[in-house]
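Subject: Structure handover

Hello,

Here is the structure I said I would pass on. My notes on it follow.

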Amino acid sequence: MKKAVFPGSFDPITLGHVDIISRSLPLFDEIVIAIGINAKKNYMFSIDERKKFIQNAFFAEQKITVETYTGLTVDYCKTINADFILRGLRNPADFEFEKAIAQTNRKLSGIETVFLLTSAETSFISSSIVRDIVRNGGDASILLPKSVADYLNKK
Ligand code: ADP
């Protein structure tokens with residue numbers, strides 16, 4: 001069984017994440033979307049909000065579960081018997097950053113990182129841009145899954 005972990009902050013999940021997750025579905029039997037909790041980071045959305053956003057976006061998808069974890073991603077993968085890490089690549093900066101982490105993770109644990117290239121329509125989307133828009137009172141709906149956009153518009 002091919003099990004992958006898609007780790008990230010998902011603060012919040014965007015259509016960029018949704019694109020990567022949807023396109024990875026044919027590659028794996030199970031995908032655990034894993035929200036990494038870093039005590040030193042300040043998040044805009046709580047763990048519960050971020051978890052619900054993801055669950056709502058994929059409520060009908062049997063292959064997907066949403067979890068949280070602390071510590072090293074490779075340790076978490078071992079705990080749940082996942083052999084693959086899934087990541088998205090948007091640009092050269094993502095590549096340089098992800099390359100070192102993926103190579104280190106493979107050396108440490110043998111776990112392979114599978115990269116999917118961003119789709120042209122969503123390549124410009126990032127959670128940080130969404131947070132900037134929200135912080136300044138703008139409408140980020142076109143960058144977000146409908147459930148997240150609805151939640152923000154009701155606030
Ligand atoms: P992290 O803090 O670990 O970077 P993010 O939630 O920002 O967490 O991103 C998680 C993953 O989703 C990363 O691999 C990132 O490159 C990918 N990702 C984010 N936005 C996009 C996008 N628009 N297209 C493709 N991949 C994306």
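Leaving aside neighbours within four places in sequence, which residues is Thr113 in contact with? They are Ile85, Arg87 and Ala102. Please keep in mind throughout that this is a predicted model.

Thr113 is found in strand β5, and at 14% relative accessibility Thr113 counts as buried, because the cut-off for that is under 20%. Its C-alpha atom is separated by 21 Å from that of Ile54, 59 residues apart along the chain.

The sheet

β5 belongs to an open sheet of five strands in the order β3-β2-β1-β4-β5, with parallel pairing. β3 and β5 (112-117) are at the edges with a single partner strand each, so one side of each has no neighbour in the sheet. On average, and with direction ignored, neighbouring strands are turned by 30 degrees against each other.

β1 pairs with β2 in the parallel sense over six bridges, and Lys3 has Glu30 in β2 as its bridge partner. With strand β4 (residues 84-89), β1 pairs over two bridges, also in the parallel sense. Here Ala4 stands opposite Phe84 in β4.

How many of the six residues of β1 are buried? Six of the six are, so β1 is largely enclosed by the rest of the structure. In a regular strand the side chains alternate between the two faces of the sheet. In β1 both faces are covered: Lys3, Val5 and Pro7 are buried on one side, and Ala4, Phe6 and Gly8 are buried on the other.

α1 lies across β1, β2, β3, β4 and β5, and runs at about 115 degrees to β5. Helix α4 (residues 92-109) lies across β4 and β5, at about 170 degrees to β4.

In soluble globular proteins, nonpolar side chains tend to be buried together. In this model the largest nonpolar core has 28 residues, and those with the most contacts inside it are Ile13, Ile33, Ile54 and Phe58. At least two residues of this core come from each of β1 (3-8), α1 (15-24), β2 (30-36), α2 (47-57), β3 (64-69) and α6 (146-154). A second, separate core has 11 residues, including Val5, Val74, Ala82 and Ile111.

Ile33 is worth a look in the viewer. Neighbours within four places in sequence aside, Ile33 is in contact with Phe6, Phe10, Ile21, Ile54, Phe58, Ile64, Thr65, Val66 and Glu67.

Aromatic rings

The structure holds five aromatic pairs. Phe6 and Phe10 form an edge-to-face pair, with 5.3 Å centre to centre and 70 degrees between the planes. Both Phe6 and Phe10 are buried. Phe28 and Phe84 form a tilted pair, with 5.7 Å centre to centre and 50 degrees between the planes. Phe28 lies in the loop between α1 and β2 and Phe84 in strand β4, so this pair ties together parts that are 56 residues apart in sequence. Phe28 is buried, with a relative accessible area of 4%.

Phe45, Phe53 and Tyr151 form one aromatic cluster. There is also a charge over a ring: the charged end of Arg50 sits over the ring of Tyr43, 3.9 Å from its centre.

Backbone points to check

Most residues other than glycine have a negative phi, and most peptide bonds are trans.

- The peptide bond from Asp11 to Pro12 is cis, with omega near 0 degrees. Pro12 has its place in the loop between β1 and α1.
- Phe10 is not a glycine but has a positive phi of about 50 degrees. Phe10 is found in the loop between β1 and α1 and is buried, with a relative accessible area of 2%.
- Asn81, also a residue other than glycine, has a positive phi near 60 degrees. Asn81 is found in the loop between α3 (73-79) and β4 and counts as exposed at 62% relative accessibility.

Lys155 is found in the segment after α6. Is Lys155 buried or exposed? Lys155 counts as exposed, because its relative accessibility is 67% and the cut-off is over 50%. The C-alpha atoms of Lys155 and Val114 are 41 residues apart along the chain and separated by 36 Å.

Regards

Note on methods
Residues are numbered from 1 along each chain as its sequence is written. This is a predicted model: local features need pLDDT of at least 70, side-chain atom pairs count only at pLDDT 80 or more; totals for chains, interfaces and linings use all residues. Side-chain values use heavy atoms; hydrogens and water are left out. A nonpolar core is a set of buried Ala, Val, Leu, Ile, Met, Phe, Trp, Tyr and Cys residues joined through side-chain atoms within 4.5 Å. Buried means under 20% relative accessible area, exposed over 50%, partly exposed in between (1.4 Å probe, protein chains only). Helices (H or I, at least four residues) and strands (E, at least two) are DSSP runs, numbered from the N terminus. Contact means heavy atoms within 4.5 Å. Two strands pair if DSSP finds at least two bridges between them. Axes are lines fitted to C-alpha atoms, for helices over the stretch in contact, and angles run from 0 to 180 degrees between N-to-C directions. Rings of Phe, Tyr and Trp (its six-membered ring) pair if their centres lie within 6.5 Å; planes under 30 degrees apart count as stacked, over 60 as edge-to-face and the rest as tilted. A charge sits over a ring if NZ of Lys or CZ of Arg is within 6 Å of the ring centre and within 35 degrees of the ring normal.
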